Amino acid sequence: MANTTMANMNTNSNSKEESKKMDEREAIPLLTPYKMGNFNLSHRIVLAPLSRSRSYNFIPQPHAALYYSQRTTKGGFLIGEASGVSDTAQGYPNTPGIWTREQLEAWKPIVSAVHEKGGIFFCQLWHAGRVSNYEYQPDGKAPISSTDKRLRKDIANNKATADKYPPPRRVRADEIPKLVNDFVIAAKNAMEAGFDGIEIHGANGYLLDQFLKDKVNDRDDEYGGNLENRCRFPLQVVKAVADEIGADKVGMRLSPFADYNDCGDSDPHALGVHMAQSLNEMGILYIHLIEPRMVTQFHKFDGTKSSLTPIRKAFKDGTFIVAGGYDRNEGNEAISCAAADLVAYGRLFLANPDLPTRFQLDAHLNQPDATTFYSHHPVLGYTDYPFLQPNPK
Ligand code: PHB
């Protein structure tokens, strides 16, 4: 059992009282409806993409159907965990892929479980780039990147495995079309698996971020140097995917301010605004920004909330999602002051499968147990976080 006990759960009788209370309450900003393109969302609390490392041998498993369906509400928006787009994309054990027929078929019952409860489910497409190791690469080759510089051990997210990140191989410009095509095929696979759309992972120091950020990208061809060049490959990916499945089904996650995985930029504002402007021109559905206040996934500092405003303004026609350690009050405030349209919750949603109900009731929250975030157990720390009410459907 996760680190919350049954003692925190309510009884049947007070759950009746609670639903009465819920009916009487005015909806909090996070629980107001929102139209995201063609999708009618019943509230603004999004399940953030969370790697859970329970997809053995890169194949999504049946237990993920329960995990995602537990976190589904009718009209709720969920973003699936990072899914590798090709056999060079993986960098951690037991993360799912979406490049083979077997993976695609394995996603189908998981997506169906979310749809059965009326959720809207996007697949996050991911390439780890240099945050990988020979053991995850075909024929034991070096991982690929924009650069041949290896990730600095003292800065890697996961210090225990940092030694394992070898010097990457710098991809040649003539290899880029194949990499773009990998994202396109993965997006098609995701749509065939039944997902409602896809999110391109351009954040947290993985392959696309390794092109975007000038502290990593040291190329002197058309994919390096100035801002426009550094954004070229990630934007080519978005354009090609949008052309294939429709821009109205495409989102992108970005973390211009973050330094995760030794991947920072000297001018994150300019980077964020340039990407937002370009993505707005492409007419994609949403951008999903990780707040500057996040130092790592696990620590936040009291940074400035307004620093995303120019990026939001630049992405003027689409939906703006924010993420980064928000609590209930901060999320409500972000919605009510129009700093964001939607707020993605990671750790709180991981630990509270009924997070929207708990926010509505301002109820007690289960605490996330970081020791089981990436454990490979099919139940512990995964589908055993308790609901407020016993025997939830
Ligand atoms: C992340 O976005 O930080 C991330 C992605 C994939 C993983 C773990 C973390 O497997």
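Predicted model: local features only at pLDDT ≥ 70, side-chain atom pairs only at ≥ 80, totals over all residues.

Reader: In which sense do β11 and β12 pair, and over how many bridges?

Author: Two strands pair if DSSP finds at least two bridges between them. Strands are DSSP runs of E with at least two residues, helices are runs of H or I with at least four, and both are numbered from the N terminus. Here β11 (residues 286–290) and β12 pair in the parallel sense, over five bridges. β12 is also joined to β13 (residues 342–345) by three bridges, and these two run parallel. A323 has A344 of β13 as its bridge partner.

Reader: How many residues of β12 are buried?

Author: Buried means under 20% relative accessible area, exposed over 50%, and partly exposed in between, with a 1.4 Å probe and protein chains only. In β12 (residues 319–323), five of five residues are buried. T319, I321 and A323 point one way from the strand, F320 and V322 the other way, and all are buried.

Reader: At what angle do α4 and α6 pack?

Author: Axes are lines fitted to C-alpha atoms, for helices over the stretch in contact, and angles run from 0 to 180 degrees between N-to-C directions. α4 (residues 176–193) and α6 (residues 227–245) pack at about 40°, with axes 9 Å apart. That makes α4 oblique to α6; angles under 35 degrees count as roughly parallel, over 145 as roughly antiparallel, 65 to 115 as roughly perpendicular, and the rest as oblique.

Reader: Which residues make the contact of α4 with α6?

Author: Contact means heavy atoms within 4.5 Å. The residues include F183 and A187 of α4 and V237 and V241 of α6.

Reader: Where is S55, and is S55 buried or exposed?

Author: S55 lies in the loop between β3 (45–47) and α2 (63–70), and is buried because its relative accessible area is 6%. Leaving aside neighbours within four places in sequence, S55 is in contact with P60, Q61, E81, N94, T95 and P96. S55 and G97 are 42 residues apart in sequence and 8.5 Å apart in space, C-alpha to C-alpha.

Note on methods:
Residues numbered from 1 in each chain as written. Heavy atoms only, no water.
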